[in-house]
Amino acid sequence: MKAFVIDKYKGPVHETEVPMPEVGPRDVLVEVVAASVNPLDTLVRNGEFTPLLKYRFPLILGHDVAGVVTEVGSEVTDFEVGDEIYSRPRDLRIGTFADHIAIDHADVARKPANLTFEEAAAVPLVALAAWQMLVERASIRAGSKVLVHAGAGGLGSTVIQLAKYLGAHVATTAGTNSAELVSTLGADVVVDYRQADFTDVLSGYDLAIDAVGGDNLMKTLTVLKPGGLALGVTGPPDAGFAKQLGAPLPFEFVLSLPSRKVRRQAKKHGVDYSFFFMRADGPQLRNLAGLYEKGHLRPVIDTTFPFAQTVDAISHVDAGKVRGGKVVITHN
């Protein structure tokens with residue numbers, strides 16, 4: 001089958017022929033109809049998570065998929081051939097930039113009935129991340145105040161919608177051209193980062209989600225209320241990341257070092273900082289499918305590329321050309 005792979009970290013993405021995936025007893029084999037590109041693909045390609053995540057080469061990239069089940073493993077009873085599904089496969093089993101992928105059935109859910117395959121492919125990673133940040137980590141509820149940077153992006157646009165569904169007051173940073181989009185998604189306050197400093201406008205937030213990093217993350221700590229939480233999506237990592245991945249105890253200490261500065265600054269302001277790395281979760285995707293079907297959430301798609309132009313789709317994201325939402329790759 002055809003797939004887009006890298007042969008080493010930081011190597012070029014290229015098309016090649018690879019064997020069909022082996023289908024284990026707990027797996028479903030999925031014919032890929034659509035996939036989407038995430039910044040996480042670039043982080044994996046650059047080897048940012050070694051040695052915690054030891055991928056084998058050639059490595060097929062891709063973390064999001066929507067498609068059709070073509071084979072089920074001997075222990076799988078909740079899916080059958082012909083089911084339309086969507087998924088974010090678990091770490092070390094990624095590879096959606098291909099004709100087919102074998103996925104553990106625990107990471108799979110039926111596609112929201114009202115979404116096309118292209119729309120569904122834009123959803124899994126960002127929807128799971130938004131749910132795990134807002135509900136599991138921060139217990140956001142009616143009256144909570146949430147700040148999400150880069151609100152027009154794939155993650156930001158999903159966080160805005162889910163936070164509003166939960167009853168939160170939502171602020172976001174965005175460029176001038178994205179202000180209308182994030183407002184229609186439900187943002188209560190939009191700060192044009194080209195025109196204003198968000199620290200002059202915002203204060204007293206329960207949760208801040210930062211996908212920018214660096215100085216932006218340090219400044220974000222100052223707009224939280226005492227006891228508030230900042231979640232960093234791009235880093236720096238912390239000991240909790242190693243624990244989440246089940247790494248040996250020494251890795252917890254090693255990974256705590258890059259985040260010392262931001263954790264010290266967070267403590268100074270009386271707030272908390274944590275690195276966030278989402279996990280695959282089929283049951284959560286089933287619940288989220290209901291929110292999409294009822295219209296509480298909607299996917300936001302920037303551009304669609306044919307499968308043959310997967311390298312161009314990745315370059316589009318890497319070059320920062322995304323105006324809003326996700327870049328989708330389609331086999332249609």
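A residue is called exposed when its relative accessible area is over 50%, buried when that value is under 20%, and partly exposed in between. The structure described here is a predicted model, and the classes just given are applied to it throughout the following paragraphs.

Arg323, with a relative accessibility of 63%, is exposed because this value is over the 50% cut-off. Its side chain meets that of Asp302 in a salt bridge, with a distance of 3.6 Å from N to O. The two partners come from distant parts of the chain, since Arg323 is placed in the loop between α11 (310-318) and β16 (326-330), whereas Asp302 belongs to strand β15 (residues 301-306), 21 residues apart.

Over the whole structure, 16 salt bridges are found. One of them is formed by Arg93 and Asp27, whose closest N and O atoms are 2.9 Å apart. This pair likewise links distant parts of the chain, with Arg93 in the loop between β6 (84-87) and β7 (100-104) and Asp27 in strand β3 (residues 27-37), 66 residues apart. Arg93 counts as partly exposed because its relative accessibility is 28%, while Asp27, at 6%, is buried.

A further salt bridge, at 3.2 Å from N to O, is made by the side chains of Asp197 and Lys219. Asp197 is situated in the loop between β11 (189-192) and β12 (205-210) and Lys219 in helix α6 (residues 215-220), so that parts of the chain 22 residues apart in sequence are tied together by the pair. Asp197 is partly exposed, with a relative accessible area of 28%, and Lys219 is also partly exposed, with a value of 32%.

Strand β1 (residues 2-6) is largely enclosed by the rest of the structure, because 4 of its 5 residues are buried. The strand is joined by 4 bridges to strand β2 (residues 14-17), and the two run antiparallel; within this pairing, Ala3 of β1 has Thr16 as its bridge partner in β2. Strand β1 also pairs with strand β4 (residues 59-60), again in the antiparallel sense, over 2 bridges, and here the bridge partner of Val5 in β4 is Ile60.

The loop between β4 and β5 (64-72) contains His63, which has a relative accessibility of 0% and therefore counts as buried. The side chain of His63 is joined to that of Asp41 by a polar contact of 2.6 Å. When neighbours within four places in sequence are left aside, the residues in contact with His63 include Asn38, Leu40, Asp41 and Val44, together with Ser87, Arg88 and Pro89, and also Ile94, Thr96 and Leu125.

On the surface, a nonpolar patch is formed by Phe253, Val254 and Leu257, which together have about 280 Å² of accessible area. Val254, one of the members of this patch, lies in helix α8 (residues 249-256).

Methods. Residues are numbered from 1 along each chain as its sequence is written. This is a predicted model: local features need pLDDT of at least 70, side-chain atom pairs count only at pLDDT 80 or more; totals for chains, interfaces and linings use all residues. Side-chain values use heavy atoms; hydrogens and water are left out. Patches are made of residues with over 30% relative accessible area and no salt bridge: like charges are joined within 9 Å, nonpolar side chains (Val, Leu, Ile, Met, Phe, Trp, Tyr) within 5 Å. Accessible areas come from the Shrake-Rupley method with a 1.4 Å probe; for residues, only the protein chains shown count as cover. A salt bridge is a side-chain nitrogen of Lys or Arg within 4 Å of a carboxyl oxygen of Asp or Glu. Buried means under 20% relative accessible area, exposed over 50%, partly exposed in between (1.4 Å probe, protein chains only). Two strands pair if DSSP finds at least two bridges between them. A polar contact is a pair of N or O atoms within 3.5 Å; within protein, one must be able to donate a hydrogen and the other to accept it, and residues adjacent in sequence count only if both atoms are side-chain atoms. Contact means heavy atoms within 4.5 Å.
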